[in-house]
Amino acid sequence: MNLKKIFSLFLLSGILSGTNLFALRIDAFQFICLKLSEDKIVRGDFILAQKSAKTGKTINSSGTYTLSQKDGIIWFTEKPVKSVMVMMDDKIVQEMRGQKRVMDGKQNETFKGIANVTSAIFTGRYDDIKSKFEIKWTENESGGNIIDVELVPTDKTIAAYLKKVYIKAQITKDCAEINEFTIIQFNDDEKKYVLSGQTRPKTLTESEKQYFEK
């Protein structure tokens with residue numbers, strides 16, 4: 001089923017259930033953001049490939065992640081070395097080998113900026129994204145209700161540390177999911193996340209809550 005057909009099903013469902021007719025005027029990426037914004041908590045698995053433009057070398061890692069619409073994102077890296085990174089609006093917390101480091105956003109504007117862009121995309125803040133990026137999307141040739149999205153920063157502050165963002169997202173009957181998320185930094189270093197196994201629990205665990213409170 002192609003995107004046009006699945007949009008028709010979504011729109012018909014929305015009309016029958018009394019959903020705001022605003023949905024009739026949105027494009028594919030905007031629709032995906034709308035669905036992502038409905039997910040209060042998401043857990044899943046990730047594989048991260050970090051490629052250095054200078055050396056050409058790639059470092060791979062993997063683990064799980066928890067997204068809280070209200071709080072931020074926690075990356076639990078399992079391999080090759082266990083670590084935890086918590087991205088929040090005002091700070092980043094890193095834990096590795098029993099040591100914890102807390103960075104205020106002002107200490108590393110690039111890190112904070114990338115964290116904020118990541119949060120905006122994962123939580124579907126379409127207006128925020130549109131105000132700072134040129135958005136291009138196409139239907140993926142493989143089908144499966146997948147779209148490929150390219151974001152190019154129009155905001156000068158963001159463009160100083162970020163060249164482009166690529167997203168591969170999939171629409172299902174009940175939700176939207178980000179399958180791949182790639183960041184190209186100002187120096188051409190690349191970070192590519194491959195996400196899978198997403199679930200949508202009702203509440204955070206006590207451990208997750210504690211990480212967001214740190």
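Q: What should I know about the model before I start?
A: It is predicted, so local features need pLDDT of at least 70 and side-chain atom pairs pLDDT 80 or more, while totals for chains, interfaces and linings use all residues. Residues are numbered from 1 along each chain as its sequence is written, and side-chain values use heavy atoms, leaving out hydrogens and water.

Q: What is the volume of the largest pocket?
A: Rolling a probe the size of a water molecule over the atoms shows where empty space is left. On a 1 Å grid over the protein atoms alone, a pocket is an open set of points where a 1.4 Å probe fits, with protein on both sides within 12 Å along at least five of seven lines; lining residues have an atom within 4 Å of a point. A volume is the space filled by probe spheres set on the points. Here the largest pocket has about 620 Å³. Of its 27 lining residues, Leu48, Gln50, Met85, Gln94 and Lys191 are the closest to the centre.

Q: Is helix α2 mostly covered or mostly open?
A: Buried means under 20% relative accessible area and exposed over 50% (1.4 Å probe, protein chains only). Helices are DSSP runs (H or I, at least four residues), numbered from the N terminus. Helix α2 (residues 28-36) is mostly covered, with eight of its nine residues buried, among them Phe29 and Phe31.

Q: Which residues of helix α6 are buried?
A: In α6 (residues 206-213), these are Glu208, Tyr211 and Phe212. They lie on the same side of α6 because they cover an arc of only 95° around the axis, taken from the directions from the helix axis to the C-beta atoms. On the other side, Glu206 and Glu213 are exposed.

Conventions:
Helix = DSSP H or I, 4+ residues; strand = E, 2+ residues; numbered from the N terminus.
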